[in-house]
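User: Got a structure I'd like to go through with you. Can we take it piece by piece?

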Amino acid sequence: MAVYTEISDADLAAFLADYDIGEVVACKGIAEGVENSNFLLSTTVGTYILTIYEKRVRSEDLPYFLNLMEHLAARGVRCPTPIRGTDGETLHELNGKPAAIVSFLQGLCVKRVQPHHCRSLGGALARMHLAGQDFPMYRPNDLSVDGWPALLDAVGERADEVAPGLYAELRDELAELQSAWPRGLPEGVIHADLFPDNVFFRGDEVSGFIDFYFACNDLFAYDLAVCLNAWCFEPDDAFNATKARALLSAYGEVRPFQPGEVEALPVLARGSALRFLLTRLYDWLNHPPDAYVAPKDPREYIHKLRFHRGVRGPGAYGVT
Ligand SMILES: Nc1ncnc2c1ncn2[C@@H]1O[C@H](COP(=O)(O)OP(=O)(O)OP(=O)(O)O)[C@@H](O)[C@H]1O
Ligand SMILES: N[C@@H](CCO)C(=O)O
C-alpha cells in the first residue's frame with residue numbers, strides 16, 4: 001500500500017500544531033496510489049488528505065503543483081485545495097520530508113469506463129486547460145521526449161527481461177519519435193497523468209481531478225494522448241474508438257482544436273505510451289522484493305505503443 005512513511009502520533013501532533021484545522025480524530029493510511037504516502041485525516045473541523053511527498057516528486061517542483069491546485073480551484077475546476085498553515089504556507093515538513101494537507105474531494109473513480117465517462121472527461125479536461133491559461137508559473141515536462149533517452153538508459157538491456165528484443169524496439173521508437181515529435185502546437189498547463197484513478201465522478205459526471213504531481217507545461221493535445229491510452233483500451237487490450245470519439249469530440253466542443261492538433265494525436269499517443277512504458281519498466285525492474293506497492297505491469301503499455309505505431313491517422317480514434 002502507498003504508505004512509505006509511517007507517522008507517529010507525536011510527529012502528527014507537532015505537524016498539525018502549525019495548522020488551524022482542529023484536533024485530530026483519525027489519521028488512516030490510504031492503500032491506493034504508488035507515488036506518495038497519503039493519509040485520510042479527520043479532525044474536529046473536517047476531512048483532509050495529508051500527503052508526504054516521496055521518490056519522484058522533487059521538492060523544488062512542489063510550489064508549482066500546490067499553487068496550480070489553488071489557481072484551478074479558484075477558477076471553478078474541482079480539485080484539491082491546499083490548506084495554509086498558520087504561517088500562511090501550504091508546504092511543510094513531516095518526518096524530514098515535504099508534506100502538505102489538501103481538501104478532501106467527494107466522488108468515486110470509475111471501475112468500468114463507459115463512453116459517457118469519456119465524454120464527461122473530455123469536457124472537464126478542456127475546461128481545466130482553459131482555466132490554467134493564466135497560471136503564471138512554468139514547469140517543463142521532464143517526462144517528455146527530451147527526458148526519454150535518460151529513462152531508456154536507466155532501463156537499459158534489462159528491458160529484454162520483460163519482452164525479448166524490447167530494448168532495440170524502444171531505441172528505434174525513441175529515434176522515430178524524436179524526429180517526428182510535433183512542435184509549435186498550442187500548449188499550456190497539462191495534468192499529464194489523468195488515469196481513471198485520478199478522476200472522480202458523481203453519477204455520470206466528472207466531479208473532480210486529483211494528483212497533480214506530474215502537472216507541467218506541455219502540448220494540450222499530449223494530455224488527450226495520455227487519456228487515449230488510459231481510458232480507451234478494453235481489459236482485453238482492444239482499442240475502443242467509440243470511447244476515443246466521445247473523449248475527443250467533447251473536448252473539442254469546449255476548446256476547439258487548432259490546426260495540426262488532431263493530426264498529431266497518433267505520434268503523441270505513441271509518445272505517451274512510451275513514457276508510461278519506460279517509468280513502469282524502471283519500477284518493475286528496480287522495486288525491492290519486499291516493497292509494499294506492487295509495480296504496475298509494463299506489458300500493457302508495450303501493446304498500446306504498438307497499436308498507435310500501426311494506426312494510419314487520427315481516423316483510428318474516431319476523429320478527422
Ligand atoms: N483530495 C483528495 N480527496 C479525496 N481522496 C483523495 C484525495 N487525494 C488523494 N485521495 C485518495 O488517495 C488515493 C491516492 O492518491 P494519489 O493518486 O494522489 O496518490 P499517488 O501516490 O500520487 O498515486 P498515483 O500517482 O499512483 O496515482 C486516491 O486514489 C484517492 O483515493
Ligand atoms: N499513472 C501511472 C502511475 C503514476 O504516475 C501509471 O499508470 O503508470
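User: What do strand 7 and strand 8 form, and how many residues sit between them?
Analyst: This is a predicted model. In it, strand 7 and strand 8 make a hairpin, with two residues between them. Gly 203 lies in the turn and has a positive phi of about 65 degrees.

User: In which sense do the two strands pair, and over how many bridges?
Analyst: Antiparallel, over four bridges; strand 7 covers residues 199-202 and strand 8 covers residues 205-209.

User: Which residue in strand 8 is the bridge partner of Phe 200?
Analyst: Gly 208.

User: Switching to helix 6. Is it mostly covered or mostly open?
Analyst: Mostly covered: 12 of its 12 residues are buried. Among them are Phe 220, Tyr 222, Asp 223, Asn 229 and Trp 231.

User: What covers those buried residues?
Analyst: The cover includes helix 3 (115-131), helix 7 (241-254), helix 8 (265-286) and helix 9 (299-310), along with strand 6 (187-190) and strand 9 (216-219).

User: Why does the end-to-end distance of helix 6 agree with its 12 residues?
Analyst: At 1.5 Å a residue, residues 220-231 should span 16 Å, and the end C-alpha atoms are 17 Å apart, which agrees.

User: Now ligand 1. Which residues come nearest?
Analyst: Of the 18 residues around ligand 1, the nearest are Glu 32, Gly 33, Pro 80, Leu 105 and Asp 211.

User: How does that shell split by class?
Analyst: It has 10 nonpolar, four polar and four charged residues.

User: And where does ligand 1 lie relative to the domains?
Analyst: Between domain 1 (9-103) and domain 2 (115-317), because both give residues to the shell around ligand 1.

Terms used
Residues numbered from 1 in each chain as written. Chains lettered and ligands numbered in written order. Predicted model: local features only at pLDDT ≥ 70, side-chain atom pairs only at ≥ 80, totals over all residues. Near = placed C-beta within 6 Å. Nonpolar A, V, L, I, M, F, W, Y, C, P; charged D, E, K, R; others polar. Domains from an automatic or database assignment. Expected span 1.5 Å × (residues − 1). Buried ≥ 20, exposed ≤ 12 C-beta atoms within 10 Å, placed from the backbone. Contact = placed C-beta atoms within 7 Å. Pairing = 2+ DSSP bridges.
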